[in-house]
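Please look over the sequence and the model first.

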Amino acid sequence: MSTTPIEYLSSLRIGTVEYISPDRIEVQLDIEAPESVALNAGTPRNFPRVNGYVMIPVDLGFLVGQVSWITIQRSPYPKRRGFQDFGLIDLPFPLRKMEVQPVGSLRSIKDSYKFKRGIESFPSVGDIVILPTDEQLRCIIESGDNRRVYIGNSPLVGNAKVMIDPDRLFGRHLAVLGNTGSGKSCSVAGLIRWSIESAREKLVDMEGNVNSRFIVLDPNGEYSKAFADKPNANIYTVNVEGKAEKQLEVPLWFWNTDEWCGFTKASPKTHRTTIVHALKSVRSGNAFEGQTQERELANYTRIIIQALQIEVKEGTPFVKKRAYGFHPSLMKWGEGFSIEDDFSNDLKKAINALKEKMTEFQNNRSGGGYIDYTYSRDEIQEVIELLNQVFSKAGGSEEEFLPTDEDSPIPFTGENFVRSIEANAEILKTTDYIVTLMPRIKTLLTDVRVKKVIDNDTLQLSKWLDNYIGANNKESLTIIDLSLLPSDVTSIITAVIARMIFETQQRYLKLNKQCLPTVLVMEEAHYFIKRYNDDAENFGASIQCCKIFEKIAREGRKFGLGLVLSSQRPSELSPTVLSQCNSFLLHRISNDRDQELIHRLLPDNMRGILREMPSLPSQYAVLLGWASELPVMVKMRTLRKEQCPQSNDPDYWDVWTGKEKRDIDWSKITDGWQKNTP
């Protein structure tokens, strides 16, 4: 027996609209409406239920609402349909009411439905409220285009599949937030694994590789276990333990000026200038060691010429008060030019000519009485010409005077960098100011815990990019275990890795006119992306680390670099980074400050579902933002035990009762600890 549309709607009816506003609708539930389980929607379903969905027929479809609260209203005159004219006497009876937040509209298209965020037309007082069918619920939850990766099921909507579009999820940054033990790490590991597996099922060339790139920065060493079964996973750690792991290498010549200044806490006024000149020197090929005497003289002469040009630009030789200090410096520079036996005759002649000119300047500015230490323009020009003669005869070339980018990743050794700082400090007269700077750099270079990480001047940059970001048309999953790095180095190493990846993405886009989709995952992000006060005194390593992630959050999307943040304390994260995340996967959050911050992410009429966050069980989360048409609670798919990150809760009882054994041999730990090995 067929039913009419009106009879069909009547069978699904649960109440009547009593109050309506743009962000809130109050519904009077019928006395006959289900009290705990609804049987009239196709399958048994819990109703009424907070954060469940109901619908109100409107023009061209249905208004979809989310239940925010349910209450009982005591009324002495209950109204039951069909009984008004029978003369029955009604006793006081409790009536149920609920509040509904409008979230979107559902329209019928051919044999299916299409959900759309936003309200085009509102109902009126007296309109009926109905339960959605199972098919309509699935169309609400499974709305949106390009639903490609299955991540879990929605317990509120008949366990409908929750699927996401990777372009939306990773393209505009994702934040996975929740208390420890709520399932964040498993969710992150699952998103990576499920995305790669879904892409493999849809490969255009079934014999080809998934051309994906995931880079996980792991400060706790959790993810090595989760992806041990992946043959394409590259696991890098500080001290290699097994065959599956590789030595982490972030050479010190990768570091730019800001990172060196941040690590050494260099003063912007005095230390930074010396570091900039030192980096320019070593990146220009000034090795200070392992060279012929002529080559060393050419490097020395080039530095003197550059220093002299700086002095001339500032007018130091021509001003009486300042020339008093310039003259001794010039004489001291001249003492560095000595003649060696293996020098060519032309070079010896050039050095003799320079030394004679220096002697002439010294004789003219010596003796008793008043002495004028200023120099004429012609005298300075003559010195520069003589220096150029020495430079060219010693094998120097004009190309060495071209501006050198102090931040270019050109190899050099740590020892050479130290010598370069000392040499440039002497030329720039900042030797007294680098007394506090040098011990920090020398301590870094001699620290056996990080020596293998930073000390490699033979590594090819292209090989490093192949290993860490991925080779051509090859699935790449890089796990960078930072757990054994010293705490004072971890932030700067993390900053260098993130910046190198970001700048590589920039250059790839400029060269190829299209971006290379890459995902950078930052676990325990509150350690590395801390909020800070933006003032001139902030120049530490943690500040530099936060600034590069802020830049990635603001600009990474344009270059194909997606950011995934996982954190226990969203209130401690940089507001800049968090504000650029367009999708959120929220696990259990109990801290008041963190809850308050999360509530600001949603409009007022969508905050009801977030009230469940303090009581969410492990593995449950709320997906909201750009990746989902509307906030939806999802039970994440279950990973096998061997696929979960190594972050399980400790089994206290089983160990106490002897069900699980724990053998202790502290000597094995202390032997490795004292020798700085794992």
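## The largest pocket

The lining of the largest pocket comprises 14 nonpolar, nine polar and seven charged residues. The model is a predicted one. The space in this pocket comes to about 870 Å³. Lining it are 30 residues, and those closest to the pocket centre are Pro 166, Asp 167, Phe 170, Asn 211 and Pro 517.

Several helices and strands contribute to the lining of the largest pocket. At least two lining residues come from each of the helices α3 (166-171) and α4 (184-201) and from each of the strands β13 (213-218), β17 (518-522) and β18 (561-567).

## Salt bridges between separate parts of the chain

In total, 25 salt bridges are present in the structure. One of them joins the side chains of Asp 30 and Arg 13, with an N to O distance of 3.0 Å. Arg 13 belongs to strand β1 (residues 13-21) and Asp 30 to the loop between β2 (24-29) and β3 (37-38), so this pair ties together parts that are 17 residues apart in sequence. Asp 30 has a relative accessible area of 13% and is buried, whereas Arg 13, at 22%, is partly exposed.

Another salt bridge is formed by the side chains of Arg 148 and Asp 165, at 3.5 Å from N to O. This pair also links distant parts of the chain, 17 residues apart: Arg 148 is in the loop between α2 (134-141) and β10 (149-154), and Asp 165 is in the loop between β11 (160-164) and α3. Asp 165 is buried, with 8% relative accessibility. Arg 148 is partly exposed, with 44%.

How far apart in helix α16 are Glu 503 and Arg 499? The two are four residues apart in this helix (residues 487-512), which means that about one helical turn separates them.

Arg 499 is buried at a relative accessible area of 5%, because buried means under 20%. Glu 503, with a value of 27%, is partly exposed.

## A salt-bridge network

Some salt bridges share partners. Through such bridges, Glu 18, Arg 24, Glu 26, Lys 97 and Glu 99 are joined into one network.

How values were computed: Residues are numbered from 1 along each chain as its sequence is written. This is a predicted model: local features need pLDDT of at least 70, side-chain atom pairs count only at pLDDT 80 or more; totals for chains, interfaces and linings use all residues. Side-chain values use heavy atoms; hydrogens and water are left out. On a 1 Å grid over the protein atoms alone, a cavity is a set of points where a 1.4 Å probe fits but cannot get out, and a pocket is an open set with protein on both sides within 12 Å along at least five of seven lines; lining residues have an atom within 4 Å of a point. Grid points are joined across faces, edges and corners, and a volume is the space filled by probe spheres set on the points. Ala, Val, Leu, Ile, Met, Phe, Trp, Tyr, Cys and Pro count as nonpolar, Asp, Glu, Lys and Arg as charged, and the others, Gly among them, as polar. A salt bridge is a side-chain nitrogen of Lys or Arg within 4 Å of a carboxyl oxygen of Asp or Glu. Buried means under 20% relative accessible area, exposed over 50%, partly exposed in between (1.4 Å probe, protein chains only).
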